[in-house]
Each structure stands twice: as C-alpha cells, then as structure tokens.
Amino acid sequence: LTYSVPGKWNVLRDSLLIELDPAKVTYEGDSTVIGHIPSMISKRIVSYNEINLEVETEGIVYSYHRRNE
C-alpha cells in the first residue's frame with residue numbers, strides 16, 4: 001500500500017503542526033488497511049538540519065529525510 005494525503009504544515013515553537021485533508025487521499029493498493037487519517041497532527045521537534053528532521057510522538061522518534069525531485 002502506498003498513499004498520499006495533501007495538507008499544509010507549519011512550525012510553532014518546538015512542534016511541527018500538520019493539517020491534512022483526508023477526503024483527498026490518493027492510494028495504490030488495498031485501501032482497507034489505511035485506517036483513520038486525522039485532520040490535524042502535532043509532533044515535537046527533536047532535531048533538524050537542512051537534510052533531516054526528527055520528531056517525536058508518544059515516545060517514538062520519526063526521522064524524515066529531504067528528497068530533491
């Protein structure tokens with residue numbers, strides 16, 4: 001399953017705020033395993049630089065790596 005949800009993001013103090021539009025999700029594969037897509041997500045920023053961003057939610061650290069396309 002691969003899916004994409006359009007949205008907007010912003011940084012407020014030490015948090016990454018992501019506003020999503022679940023009604024506009026696009027996917028390839030079995031959509032029954034997508035589950036609930038929230039309209040707002042907030043994650044605490046652990047560290048960042050020009051290439052990597054690490055955020056934490058409920059004790060789990062997620063690492064995002066910038067891709068240039």
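**Briefing: a nonpolar core and an open antiparallel sheet**

The largest nonpolar core comprises eight residues, namely Val-5, Leu-16, Ile-18, Leu-20, Ile-34, Ile-37, Ile-45 and Val-55. Strand E3 is the main contributor to this core, supplying three residues. The model is predicted. The protein contains zero helices and seven strands, and five of the strands form an open sheet with antiparallel pairing.

**Overall architecture**

- Along the sequence, the protein reads β-β-β-β-β-β-β.
- Taken along the principal axes, the C-alpha atoms occupy a box of roughly 35 × 25 × 20 Å.
- The protein has 69 residues, of which 14% count as buried.
- Among contacts with a separation of 6 or more, 29% involve residues 24 or more positions apart.

**The sheet and its edges**

- The strand order in the open sheet is E2-E3-E5-E6-E7.
- Strand E2 (7-12) and strand E7 (60-65) are at the edges; each has a single partner strand, so one side of each lacks a neighbour in the sheet.
- From one strand to the next, the twist averages 35°.

**The E2-E3 hairpin**

- E2 and E3 form a hairpin that has two residues between the strands.
- The antiparallel pair of E2 and strand E3 (residues 15-20) is joined by six bridges.
- Within this pair, Lys-8 is opposite Glu-19 in E3, and Val-11 is opposite Leu-16 in E3.

- Ser-15 belongs to strand E3.
- With a relative accessible area of 15%, Ser-15 falls under the 20% limit and is therefore buried.
- The side chains of Ser-15 and Asp-14 are joined by a polar contact of 3.3 Å.
- Apart from residues up to four places away in sequence, Ser-15 touches Asn-10, Ser-42, Lys-43, Arg-44 and Ile-45.
- Leu-16, a member of the largest nonpolar core, has contacts beyond its neighbours within four places in sequence with Trp-9, Asn-10, Val-11, Ile-41, Ser-42, Lys-43, Ile-45, Leu-53 and Val-55.
- Two of these partners, Ile-45 and Val-55, are themselves listed in the core.

**Val-55 in strand E6**

- Val-55 is located in strand E6 (residues 52-57).
- The relative accessible area of Val-55 is 0%, so this residue is buried.
- Setting aside its neighbours within four places in sequence, Val-55 contacts Leu-16, Lys-43, Arg-44, Ile-45, Val-46, Ile-60, Val-61, Tyr-62 and Tyr-64.
- Among these partners, Leu-16 and Ile-45 also belong to the largest nonpolar core.
- Val-55 and Pro-6 are separated by 49 residues in sequence and by 19 Å in space, C-alpha to C-alpha.

**Loop residues with positive phi**

- Most residues other than glycine have a negative phi.
- Arg-13 is not a glycine, yet has a positive phi of about 55°.
- Arg-13 occupies the loop between E2 and E3, in the turn of the hairpin that these strands form.
- The relative accessibility of Arg-13 is 74%, which is over the 50% limit, and Arg-13 therefore counts as exposed.
- Glu-58, also a residue other than glycine, has a positive phi near 50°.
- Glu-58 is placed in the loop between E6 and E7.
- With a relative accessible area of 77%, Glu-58 is exposed.

How values were computed. Residues numbered from 1 in each chain as written. Predicted model: local features only at pLDDT ≥ 70, side-chain atom pairs only at ≥ 80, totals over all residues. Heavy atoms only, no water. Pairing = 2+ DSSP bridges. Helix = DSSP H or I, 4+ residues; strand = E, 2+ residues; numbered from the N terminus. Axes fitted to C-alpha atoms, helices over the stretch in contact; angles between N-to-C directions. Buried < 20%, exposed > 50% of the residue type's maximum accessible area, 1.4 Å probe, protein only. Polar contact = N/O pair within 3.5 Å; in protein donor to acceptor, adjacent residues only side chain to side chain. Contact = heavy atoms within 4.5 Å. Core = buried A, V, L, I, M, F, W, Y, C linked by side-chain atoms within 4.5 Å.
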